[in-house]
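Trainee: I would like to go through the labels used for this structure and see what stands behind each one.
Mentor: Then ask about them in turn.

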Amino acid sequence: MIQASVPDRMRKTIELARTAQADWAAMSVRRRCRWLSVFRAWLASHSRQICETIDREVGKPREECLASEIHPLASGCAHLSRIAPEILAPRRARGTPWYLAGGSDHVHRRPRGVVGIIGTWNYPLVLSGTQIAQALVAGNAVIFKPSEKAPETCRLLADGIAGSGLPRGLIQLLDAEIAAGEELVNSSVDYVVFTGSRAVGARIASALAPRLVSSTLELSGHDALFLLPGGNPIAAARAAWFGTIANSGRTCLATRRCLLDSSLMIPFRDEIARLILDVPPLELAKPAGFQERIDHAKSLAMEAVSMGARWLGNSPDKPPFVVGNVNERMRIWREDCFAPLLAMMECADERSMIEADLACPFALGAAVFGSPGPAKSFLTKLRAGMVTVNDVLVGAGHPDTPIGGSGSSGWGATQGAEGLLEMTVHQVVRVSHGSFRPHYELAVPGHPDMGDMLEALLQAGHAGGLRARIVAAMTLPGHALRWWRSRQKRQGEV
């Protein structure tokens, strides 16, 4: 469990955030969205500086920064400004039952208050930027703890957002050190958003639980690719390879496991072997400390080989690490890693695929290759929060779809309407009209006439046969008249 004292500077930070948030929450949603257009223009004018900073800290070329960081964030902000007023608008309750007639019910979305966001480094701009934007548009203040591996990128992001017309104190940046994250989790924030490993996510959840502070935890993935009978093994292999090495394998939705129909195993494996020869071993020098992730992936692969798996392609000296003939008892199948790694398993049928997949506790994303009909039927059996048919990864780029998983991959959602709603709490508002309140009499026992009337209403509306409903409905006028007369008598006695 994370345990840390909360220093005075953190208390003052939260006090400033609460003061700014009170006025911010009182604004209309449309007004709270205005800064997004200014921020999008800032992204466009600072794109080169952003790309240079990300490449310097985590090692990502300019074209990849533009395609996977800046474009998605700019498009996501534009989309958010369009959908937020409708999603956050009060919703009228539908299907009002008879016993609530004479009033109106609406569900409002209220901001959580002060949201703590702990940033990640593999996509330091788009992941944190999306979460911050949704929290602010929902009416919250944000305290942002940058990743210690990408502090300058996170600072650049926070400066760009703060300079887009937001009130002072509405977004505040903490130090990038791990200790700052511990202080944030142990502070009086109202909600925490964390993107990172399962191990750290579990520690955060344990620290928040005693105070009943809720969270969104977007944690490790160990994503599976399923190649069904009738699927294209060449296309599936190319997709698996892309999913393995995209962003140098440093993606939570990266392809790590392949479950292959026996009839398609050989062409899939041969295509993977060919693709390996076309790509030299990856040189991953950034960020600092990433070598530990590479060593962990290598140890998983070597252990699997010692238990009967087989190397495919590159030597075991450098990533990507690719092994075949694995089984669900191996750690490579069940344990998350964050480096280029691909494990392949041959399966006799779809049932064995599902059973093998269930042996892995992670359920963030998945890919299914096959004819659309069988593929869509198969994916209903999967636990993953995002499933792509005949492709990988790209589903996460749509600004209107949520990102989130289950099991060891965490809970809650970021991005899309679901991610926006995560930044709010619901509030039901009931307005009763007139002065007729017969339900008040239910608090005083001994009203058999009301009991008879309620029983007749129940039978008339819900009895199993039509005849029973008709008979009950015919008795209703008499019961209602007797109840009304006894009510008038009681009121006269009072």
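**Salt bridges and accessibility**

Mentor: Asp270 and Arg269 form a salt bridge, with 3.7 Å between the closest N and O atoms. The model is predicted, so local features need pLDDT of at least 70 and side-chain atom pairs count only at pLDDT 80 or more, while totals for chains, interfaces and linings use all residues. Residues are numbered from 1 along each chain as its sequence is written, and side-chain values use heavy atoms, with hydrogens and water left out.

Trainee: Why is the pair Asp270 and Arg269 called a salt bridge?
Mentor: A salt bridge is a side-chain nitrogen of Lys or Arg within 4 Å of a carboxyl oxygen of Asp or Glu. The closest N and O atoms of Asp270 and Arg269 are 3.7 Å apart, so the pair meets that rule. In general, side chains of opposite charge can pair when their charged atoms come close.

Trainee: How many salt bridges does this rule give?
Mentor: The count is 14.

Trainee: What makes Asp270 partly exposed?
Mentor: Buried means under 20% relative accessible area, exposed means over 50%, and partly exposed lies in between (1.4 Å probe, protein chains only). Asp270 has 42%, so it is partly exposed. Arg269, at 32%, is partly exposed by that rule.

Trainee: How do you know that Asp105 and Arg430 form a salt bridge?
Mentor: Their closest N and O atoms are 2.6 Å apart, which is within 4 Å. The pair links distant parts of the chain: Asp105 lies in strand S2 and Arg430 in strand S18 (residues 424-432), 325 residues apart. Strands here are DSSP runs of E, at least two residues, and helices are runs of H or I, at least four, numbered from the N terminus.

Trainee: Is Asp105 buried or exposed?
Mentor: Asp105 is at 15% relative accessibility, under 20%, and therefore counts as buried. Arg430 is at 31%, so it counts as partly exposed.

Trainee: What makes Arg383 and Asp357 a salt bridge?
Mentor: The closest N and O atoms of Arg383 and Asp357 are 3.8 Å apart, within the 4 Å limit. Arg383 is in the loop between helix H15 (372-379) and strand S15 (386-389), and Asp357 is in helix H14 (residues 350-358), 26 residues apart. Salt bridges that share partners join Arg257, Asp357 and Arg383 into one network.

Trainee: Why is Asp357 called buried?
Mentor: Asp357 has 8% relative accessibility, which is under 20%, so it is buried. Arg383, at 28%, is partly exposed.
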